[in-house]
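Trainee: I have a model open and would like to learn how to read it. Can you take me through it feature by feature?

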Amino acid sequence: MTIDKHAEVHASVGPLLRPAPTPDEEEFWRSGADGRLRMQRCQSCRRWQHPPNPVCFRCLSRDVTFAPVSGDGTVYSFTVNHQPWLPHLRDPYAVIVVELDEQPGLRFVSRLVNTDVADVRIGLRVRVVFEPLGEGLFAPLFTAVGECQT
Amino acid sequence: MTRPERQAVIRGFGSSRVGRRLPVSEMALTADACLAALADAGLQRDEIDGLATFPGGGFDTPGLAGPGADEVHAALGLQTNWKYGGPEGGQLGGFFSACLAAATGLARHVLVYRTVSEASAQGAAGRAGALAGAADAAVSGFRRWLAPFDAHSPANWIALYAQRHMHEFGTTREHLGTIAVNNRRNAAGNPNAVYRTPITLEDYFDARMITTPFGMLDCDVPCDGSVAFVVSHIDTADDGPHPAIGVESIGWAMRHRPLWDQWADMTEMAAWDAAAHLWERSDLRPEDVDQVQLYDGFSFLPLVWLEALRFCGKGEAGRFLESGKRVALDGTLPLNTGGGQLSAGRLHGCGLLYEACVQLRDQGGDRQAGRPDTVAVGVGGGPTAGAALLVRR
């Protein structure tokens with residue numbers, strides 16, 4: 001699997017805040033350990049959902065499990081932040097909404113890394129990289145790959 | 001359909017001073033606003049039997065919440081039959097709840113207040129000061145899906161919506177700047193506004209960038225202040241010294257998952273659900289509305305509300321502004337006549353509700369926009385929203 005190597009790519013970010021995951025979402029936050037992003041999927045209606053919960057928000061099935069995804073996606077929206085909300089955030093950086101290839105609307109907020117902020121745009125193809133957060137948790141961040149899609 | 005909100009009126013309203021880092025406590029601001037509202041309603045303290053606020057006590061975000069309902073209850077020596085303080089009904093949730101309590105007889109006269117002291121709380125360090133210490137603890141609550149990705153501020157979260165709207169519909173920063181310039185022009189006529197010196201589009205573009213597409217002048221101003229209302233049963237509407245304000249309808253619907261990053265179409269927001277609900281509950285239509293008071297925590301949000309409330313088609317709000325002509329005080333749909341949160345100060349939507357009352361009583365002075373009979377109020381951004389149609393009785 002080519003995606004395994006992504007676990008070794010550390011993003012050029014400062015210290016990221018660590019979340020306090022609920023038991024239902026730990027697997028999402030831990031999935032960077034082997035470099036494979038895992039999202040939650042309903043085994044009844046087969047649709048992916050985010051954020052993870054112990055029930056499918058569409059069909060109310062309790063049969064929801066985590067499964068690996070490709071880690072590939074597209075920038076659905078973005079903002080280039082210039083304001084140092086925390087002291088180390090001196091340089092502009094891009095916050096994105098990434099839409100994963102597995103399902104239209106399967107999205108979450110993330111950070112674009114190892115990519116010139118001038119290159120960020122809606123439709124940009126991206127791939128997951130992981131940044132350790134400590135305590136076995138990882139932030140799934142994204143880096144640009146290839147050409148833009150619209 | 002039963003429409004209990006029509007059995008409620010806003011009988012009185014009041015405001016404290018609003019400003020940057022006022023040298024008084026949150027409770028002092030609250031008392032100023034509440035006592036002003038009582039006097040305006042022509043009611044004695046002992047006639048108040050209900051109390052409501054948003055978001056209520058127990059918040060640790062500095063300056064955001066103001067004193068909780070229990071504290072105000074105690075400070076004012078109230079005796080209530082009904083009381084409510086809570087965050088999850090949105091910024092107008094306290095007001096809506098008060099309307100329902102008055103309409104159903106749980107209480108006859110409900111005092112509703114909203115107090116902030118964000119300017120003082122943030123201190124000289126600004127927003128970063130409010131976040132200081134955040135890095136020491138793991139992030140819980142909804143922010144755990146945002147802060148680990150350095151999306152620390154509502155400015156970031158709303159910018160993600162704005163950028164998508166610009167991408168799909170060609171909305172521009174000039175459209176956003178038109179809102180900022182309009183609201184500042186209106187603030188010049190509001191003695192209680194924080195910023196009253198007019199700005200130009202050039203000033204807007206010169207302001208430093210915060211998070212694209214938002215610069216400094218796209219972001220509202222944290223302030224210290226309080227506004228209060230007395231919501232009464234309609235049977236008592238004519239008993240006060242001033243005309244009471246009628247409630248035509250409220251919009252409180254939430255038909256999507258209320259999550260910042262999970263809105264299916266990020267050119268829309270919760271505003272669309274609240275606005276749809278508002279019209280479902282009203283005999284009026286958008287063309288019946290004389291002016292609008294729309295949440296402008298960020299310049300982009302009034303555009304969302306204009307579309308959600310169907311004053312224009314989806315994606316058309318930027319052009320609908322007609323470079324500001326349509327929404328000016330002398331335009332066909334005046335917007336944020338008191339300066340909005342961008343210039344008058346961020347009273348979290350309740351300042352806009354207050355301004356609607358001022359206008360419906362023709363008390364706007366230099367900023368009075370005609371003689372409105374119907375004012376639409378739309379409050380909230382992202383996954384929170386509430387709307388109201390207030391009318392001259």
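Mentor: Start in the core. This is a predicted model. The largest nonpolar core has 159 residues, and B:Cys99 and B:Val231 touch the most other members.

Trainee: Which residues is B:Val231 in contact with, leaving aside its neighbours within four places in sequence?

Mentor: B:Val231 is in contact with B:Ala8, B:Ile10, B:Phe95, B:Ala98, B:Cys99, B:Ala102, B:Val110 and B:Val112.

Trainee: Now the whole of chain B. How many helices and strands does the secondary structure of chain B come to?

Mentor: Chain B has 13 helices and 11 strands. Its C-alpha atoms fill a box of roughly 50 × 50 × 40 Å along the principal axes. Of its 393 residues, 60% count as buried.

Trainee: What radius of gyration does chain B have, and what would a compact globule have?

Mentor: Chain B has 19 Å. A compact globule with 393 residues would be near 21 Å, so the value agrees. Then look at the contacts with a separation of 6 or more: residues 24 or more positions apart account for 77% of them in chain B.

Trainee: How do I describe a pair of packed helices?

Mentor: Two packed helices are described by the angle between their axes and the distance between the axes. Take helix 9 (residues 270–280) and helix 10 (residues 300–308) of chain B. Their axes come within 9 Å and cross at roughly 40°. The crossing of helix 9 and helix 10 of chain B is right-handed.

Trainee: Which residues in helix 9 of chain B meet which in helix 10 of chain B?

Mentor: B:Ala271, B:Trp272 and B:Ala275 in helix 9 meet B:Val304, B:Trp305 and B:Ala308 in helix 10. By class, this contact has 6 nonpolar residues, no polar and no charged ones.

Trainee: What does B:Pro334 touch, not counting residues up to four places away in sequence?

Mentor: B:Pro334 touches B:Gln291, B:Val327, B:Ala328, B:Leu329 and B:Ala369.

Trainee: Where should I look for backbone features?

Mentor: The peptide bond from B:Phe54 to B:Pro55 is cis, with omega near -5°. B:Pro55 lies in the loop between strand 2 (50–53) and helix 2 (69–75) of chain B. Another cis peptide bond joins B:Thr212 and B:Pro213, with omega about 5°. B:Pro213 is in the loop between strand 5 (209–211) and strand 6 (214–215) of chain B.

Trainee: And phi?

Mentor: Phi of B:Arg21 is near 50°. B:Arg21 lies in the loop between strand 1 (8–15) and helix 1 (26–41) of chain B. With 15 C-beta neighbours inside 10 Å, B:Arg21 counts as partly exposed. B:Asn336 also has a positive phi, about 50°. B:Asn336 is in the loop between helix 11 and helix 12 of chain B, the loop that holds B:Pro334. With 28 C-beta neighbours inside 10 Å, B:Asn336 counts as buried.

Trainee: Now chain A. What pattern does chain A follow along the sequence?

Mentor: Chain A reads α-β-β-β-β-β-β-β-β. That comes to 1 helix and 8 strands. Buried residues make up 43% of its 150 residues. Among contacts in chain A between residues at least 6 apart in sequence, 57% join residues at least 24 apart.

Trainee: How many residues does the contact take from chain A and from chain B?

Mentor: The contact takes 31 residues from chain A and 32 residues from chain B. Strand 4 (72–81), strand 5 (93–100) and strand 6 (107–112) of chain A each supply at least two residues of the chain A side. Strand 4 of chain A gives the most, with 6 residues. The chain A side divides into 21 nonpolar, 7 polar and 3 charged residues.

Trainee: Can you show me one residue that touches both chains?

Mentor: Take A:Arg111, in strand 6 of chain A. Its contacts include A:Val13, A:Tyr93 and A:Leu141, and also B:Phe149 and B:Asp150. With 24 C-beta neighbours inside 10 Å, A:Arg111 counts as buried.

Key. Residues are numbered from 1 along each chain as its sequence is written. Chains are lettered from A and ligands numbered from 1 in the order in which they are written. This is a predicted model: local features need pLDDT of at least 70, side-chain atom pairs count only at pLDDT 80 or more; totals for chains, interfaces and linings use all residues. Helices (H or I, at least four residues) and strands (E, at least two) are DSSP runs, numbered from the N terminus. The radius of gyration is taken over C-alpha atoms; the globule rule is 2.2 Å times the number of residues to the power 0.38. A residue is buried if 20 or more other C-beta atoms lie within 10 Å of its own, exposed if 12 or fewer, and partly exposed in between; C-beta atoms are placed from the backbone. Two residues are in contact if their C-beta atoms, placed from the backbone, lie within 7 Å. Ala, Val, Leu, Ile, Met, Phe, Trp, Tyr, Cys and Pro count as nonpolar, Asp, Glu, Lys and Arg as charged, and the others, Gly among them, as polar. Axes are lines fitted to C-alpha atoms, for helices over the stretch in contact, and angles run from 0 to 180 degrees between N-to-C directions. A crossing is left-handed if the near helix is turned anticlockwise from the far one by less than a right angle, and right-handed if clockwise. A nonpolar core is a set of buried Ala, Val, Leu, Ile, Met, Phe, Trp, Tyr and Cys residues joined through C-beta atoms within 7 Å.
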